[in-house]
Amino acid sequence: MSTPAAQAVSTRRLDLLPLNVDHAEEMAAVLSDPALHTFIGGTPDTPQALRSRYQRMTAGSPDPAVSWLNWVIRLRDESCLTGTVQATFGPSGHGPLAEIAWVVGTPWQGRGIATEAARGLVAWLIRQPVHTVIAHIHPGHRASAAVATAAGLTPTDERHEGEIRWHRSIRR
């Protein structure tokens with residue numbers, strides 16, 4: 001399976017920039033609200049911990065069949081980072097699959113940033129060698145369900161670690 005590299009993606013208001021370690025300090029502030037972990041667990045990372053995490057992420061997956069692509073979300077008009085989107089590429093029985101996720105810092109929520117970023121990511125994925133896009137969303141996380149719906153994913157009856165699997169097939 002040929003996996004593309006993360007490339008810059010632009011939407012009306014946003015730039016999705018390939019993640020690099022230098023983003024860690026600003027992103028630690030963006031992701032510092034403990035409420036962001038309500039559905040995913042854990043606690044906010046310190047800048048140093050996030051730098052280490054970003055080093056591991058940008059080094060790539062230890063599984064050669066899986067690729068990690070990560071972006072930071074930059075709000076162009078305010079020239080600041082507001083969150084992240086990611087796509088994990090891997091094989092499936094129906095062709096290459098991308099599992100996506102997103103998070104937007106609390107001060108920027110409610111402004112359509114996650115929706116615009118997820119739509120931009122899915123539009124980019126449609127041009128890649130991917131047949132299926134999925135996301136796993138906590139059943140109580142209505143905001144993420146709305147983002148997934150806006151990005152063209154639909155919920156399935158499948159569960160993964162208590163989360164609902166959302167799905168979108170890409171016609172080739």
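Reply: The largest pocket is lined by 48 residues, and those nearest its centre are Leu 36, Ile 40, Ala 101, Trp 102 and Val 103. Helix 2 (47-59), strand 3 (67-75), strand 4 (80-90), strand 5 (97-104), helix 3, strand 6 (132-137) and helix 4 (142-150) are the elements that give two or more residues to this lining. Strand 5 gives the most, with six residues. The volume of the largest pocket is about 1,300 Å³. By class, its lining has 25 nonpolar, 18 polar and five charged residues.

The terms used so far are as follows. A pocket is an open set of points on a 1 Å grid over the protein atoms alone, where a 1.4 Å probe fits, with protein on both sides within 12 Å along at least five of seven lines; lining residues have an atom within 4 Å of a point. Grid points are joined across faces, edges and corners, and the volume is the space filled by probe spheres set on the points. Ala, Val, Leu, Ile, Met, Phe, Trp, Tyr, Cys and Pro count as nonpolar, Asp, Glu, Lys and Arg as charged, and the others, Gly among them, as polar. Helices (H or I, at least four residues) and strands (E, at least two) are DSSP runs numbered from the N terminus.

The model is predicted: local features need pLDDT of at least 70 and side-chain atom pairs count only at pLDDT 80 or more, while totals for chains, interfaces and linings use all residues. Residues are numbered from 1 along each chain as its sequence is written, and side-chain values use heavy atoms, with hydrogens and water left out.

With residues up to four places away in sequence not counted, Ile 100 touches Gln 86, Ala 87, Leu 121, Val 122, Leu 125, Val 133, Ile 134, Ala 135 and Leu 153, contact being heavy atoms within 4.5 Å.

Helix 3 itself is mostly covered, with 10 of its 14 residues buried. Among them are Glu 116, Gly 120, Leu 121, Val 122 and Leu 125. From first C-alpha to last, helix 3 reaches 20 Å, close to the 20 Å expected at 1.5 Å a residue; the expected span is 1.5 Å times one less than the number of residues.

Ile 113 lies in helix 3 and is buried, with a relative accessible area of 1%. Leaving aside neighbours within four places in sequence, Ile 113 is in contact with Arg 13, Leu 14, Ile 73, Leu 75, Thr 82, Val 104 and Trp 108. Thr 82, in strand 4, counts as buried at 0% relative accessibility. Under the sequence exclusion of up to four places, Thr 82 touches residues including Val 30, Val 103, Gly 105 and Ile 113.

Note on methods. Buried < 20%, exposed > 50% of the residue type's maximum accessible area, 1.4 Å probe, protein only.
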